[in-house]
Amino acid sequence: MNPISNQIGGVFIPVSNVEHARDWYCDILGLSTDGEIYFGHIFVLPMNGPDIVLDSKIFSPDHVYKVPAFQFRTDDIHQAYEFLRAKNVHVTTEVENDHWFTFKDPDGNLLMVCK
């Protein structure tokens with residue numbers, strides 16, 4: 001059994017102001033603005049399907065997108081990390097906050113696995 005699910009967990013959208021973006025997205029999607037802003041820069045919009053993750057920390061004025069566009073889900077972040085390393089995948093971070101890590105595909109696209 002593979003430790004990485006074939007399911008997208010969330011799609012990241014870089015935003016310049018997480019509170020403003022939260023209010024705007026919640027308004028157009030009919031969602032409540034209740035919920036926590038994590039680490040001062042992340043708000044997760046609970047979607048039917050992959051969540052949208054608004055993140056002001058990843059915003060870049062020149063709009064160069066060098067962050068994961070989505071995350072793969074896993075139930076065991078450490079097993080997933082070791083699974084990819086064993087396959088000689090270019091893992092770009094350690095497991096961070098016991099919750100996530102990033103890696104690159106063969107073309108250099110940055111991807112994420114998150115628990």
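## Surface and charge

In this predicted model, the chain exposes about 7,400 Å². Carbon and sulfur atoms supply 50% of that area. Buried residues account for 31% of the 115 residues.

The chain carries 8 positive and 16 negative charges.

## Fold and dimensions

Two helices and seven strands make up the secondary structure of the chain. Their order along the sequence is β-α-β-β-β-α-β-β-β. The radius of gyration is 15 Å, close to the 13 Å that the globule rule gives for 115 residues, so the chain is as compact as a globular protein of that length.

Along the principal axes, the C-alpha atoms fill a box of roughly 45 × 30 × 20 Å. Among contacts with a separation of 6 or more, 48% join residues 24 or more positions apart.

## Cysteines

How many disulfides does a search of the whole structure find? The search finds zero. A disulfide is a covalent bond between the sulfur atoms of two cysteines. The cut-off used here is 2.5 Å between the sulfur atoms.

For C26, the closest cysteine sulfur is in C114, 20 Å away, and therefore too far for a bond. Seen from C114, the closest cysteine sulfur is that of C26, again at 20 Å and too far for a bond.

Are these cysteines buried or exposed? C26 is buried, with a relative accessible area of 2%. C114 is also buried, at 11%.

Technical notes. Residues are numbered from 1 along each chain as its sequence is written. This is a predicted model: local features need pLDDT of at least 70, side-chain atom pairs count only at pLDDT 80 or more; totals for chains, interfaces and linings use all residues. Side-chain values use heavy atoms; hydrogens and water are left out. Buried means under 20% relative accessible area, exposed over 50%, partly exposed in between (1.4 Å probe, protein chains only). Helices (H or I, at least four residues) and strands (E, at least two) are DSSP runs, numbered from the N terminus. The radius of gyration is taken over C-alpha atoms; the globule rule is 2.2 Å times the number of residues to the power 0.38. Contact means heavy atoms within 4.5 Å. Accessible areas come from the Shrake-Rupley method with a 1.4 Å probe; for residues, only the protein chains shown count as cover. Lys and Arg count as positive and Asp and Glu as negative; His and the chain ends are not counted. The place of a charge is taken as NZ of Lys, CZ of Arg, CG of Asp or CD of Glu.
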